[in-house]
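Thanks for coming. I have one structure today and a few packing details to go through. Please have a look at it before I start.

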Amino acid sequence: MRSSGILLPIFSLPGKYGIGGFTKEAYKFVDFLKEAGQKYWQILPLGPTGYGDSPYQSFSTFAGNPYFIDVDELVEEGYITKEECDEYDASTTHGYIEYEKLYNNRMKLLRIAYMKSNIRENALFNEFISDNAYWLDDYALFMAVKAKFDGKAWSEWDKGIRVRVPEEIEKYKEECAVEMDFYRFQQFYFSKQWKALKFYANEKGIEIIGDIPIYVAFDSSDAWANPELFDLNSENIPNKVAGCPPDPFAVTGQLWGNPLYEWDYHKKTGFEWWIHRIAYCFDLYDVIRIDHFRGFDEYYTIPYGDPTAENGTWKTGPGYELFEAINNALGERKIIAEDLGFLTDSVRDLVKKTGYPGMKVLQFAFGGDPGSEYLPHTLWNNSIIYTGTHDNETTRGWYKRIVTDEPYSRKFFDEYTGNAGEETAADTLIRVAMSSVVDTCVIMMQDYLNLGNEARINTPSTLGDNWNWRMSAEALTPELAEKIARLTHIFERECK
């Protein structure tokens, strides 16, 4: 069945207090998707962010980002006042997210709410922490101990707690009991509000495409609490770390720094941790996109401590055995394989064997290779087509750049699509994506708004000035919804 959707991170929603969240603006966006005839809302990972503010480097693969909590609901419940929200407002004059300001203000506000909540008297809270104890207890202790060590990575903590000596664990649990409940409080409200928003979307016929990173951050409760899952030495320090080799995106490669999996251990457990992880994701999302899918076939390993990703080597991943175990445990599920980048025949074979749709990004189609596998006339239906993703420029920004930097690409794009210039480039590429044979089409919200690179989400391998774009509150007009709905109808993608 042909369908379409829009890619917009939660943090990019408009609204008060400095960052998008599970607020009335999120519900308005769902209404907009419905009016525009869309079936999918694709978001980025929902985890709590740390250094660099990247949702792909989270303190937990299970926890949610407390910045997304709608504080107006906490006002309604009497835990904080409107005046306190205004006092700790993290809004900016330029509209973009300032994470330092958000960190300094939002946690103070949530702490006030927690201290007034008497949350242990809430039966639903106690049920939540019981149901999620398998990850929540470790996460709450991890964050509480991290606070005691002034936010330092767990590799810099005192050895006893760093390597989880049982007596030290019990000591810190006793010392940090109140602080641990603060982090449980955050996760309770995150879960409560997200599930309400997802239910609302599903009732409107909108499905959520969630994004999960293949790797977890080294400075995470996952790596600290479960070192046996990862390739760490006797001091629980990575032997090698994850990344990507040099490519056109990054000439020295991408040094992600995540710990690598100890795949032999995972196989011995029947991939138990992965099955728990995927099952949990399907409690949050209707469809999941697994980032860097090629890493399950072969994964790139970089010596720990190297300043770039240039000296890495490839190793064999778990392959289809992992997905067979997931299917046997959970049944067939809707999964998208992020199969971008340099692909080998074995990667293609793995994607084909799983049956998962891969991704086709149209900005990659016009780089000068007339045989590109991203060109629309080469595509097949079991795919997801995009104008660009969160790692790409906006289409208008991309076109503006190639006019100067890649004149051949600009000429090829204009000739191939009939495009008339920078002003029309985004609309042109959207129409190409919508008209393609590909079953599912997902468009960046910035392209529907015809924005330039001031609205770019992320530039790979850079720090600062990423993950901070927010949509204007005036952007979602009835006229735009009607325009998208008409295009969706023309190409038989509308959700009825």
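What covers the buried residues of α16? The cover includes α15 (395-405) and α17 (422-435). Keep in mind that this is a predicted model. The buried residues in helix α16, which spans residues 407-417, are Ser 409, Phe 412, Phe 413 and Asp 414.

Next, a helix pair. Helix α1 (residues 24-35) and helix α9 (residues 177-203) have axes that come within 10 Å and cross at roughly 20°. Angles under 35 degrees count as roughly parallel, so that is how α1 and α9 run relative to each other. The crossing of α1 past α9 is right-handed. On the α1 side, the contact is made by Ala 26, Tyr 27, Val 30 and Asp 31. They meet Gln 193, Ala 196, Leu 197, Tyr 200 and Ala 201 of α9. By type, the residues of this contact are seven nonpolar, one polar and one charged.

Last, the sheet. It is open and has four strands, in the order β5-β4-β7-β8, with antiparallel pairing. On average, neighbouring strands here are turned by 45° against each other, ignoring direction.

Inside that order, take β4, residues 240-244, and β7, residues 298-303: they pair in the antiparallel sense over three bridges. Which residue in β7 is the bridge partner of Lys 240? That partner is Pro 303.

Note on methods. Residues are numbered from 1 along each chain as its sequence is written. This is a predicted model: local features need pLDDT of at least 70, side-chain atom pairs count only at pLDDT 80 or more; totals for chains, interfaces and linings use all residues. Side-chain values use heavy atoms; hydrogens and water are left out. Axes are lines fitted to C-alpha atoms, for helices over the stretch in contact, and angles run from 0 to 180 degrees between N-to-C directions. Helices (H or I, at least four residues) and strands (E, at least two) are DSSP runs, numbered from the N terminus. Angles under 35 degrees count as roughly parallel, over 145 as roughly antiparallel, 65 to 115 as roughly perpendicular and the rest as oblique. A crossing is left-handed if the near helix is turned anticlockwise from the far one by less than a right angle, and right-handed if clockwise. Contact means heavy atoms within 4.5 Å. Ala, Val, Leu, Ile, Met, Phe, Trp, Tyr, Cys and Pro count as nonpolar, Asp, Glu, Lys and Arg as charged, and the others, Gly among them, as polar. Buried means under 20% relative accessible area, exposed over 50%, partly exposed in between (1.4 Å probe, protein chains only). Two strands pair if DSSP finds at least two bridges between them.
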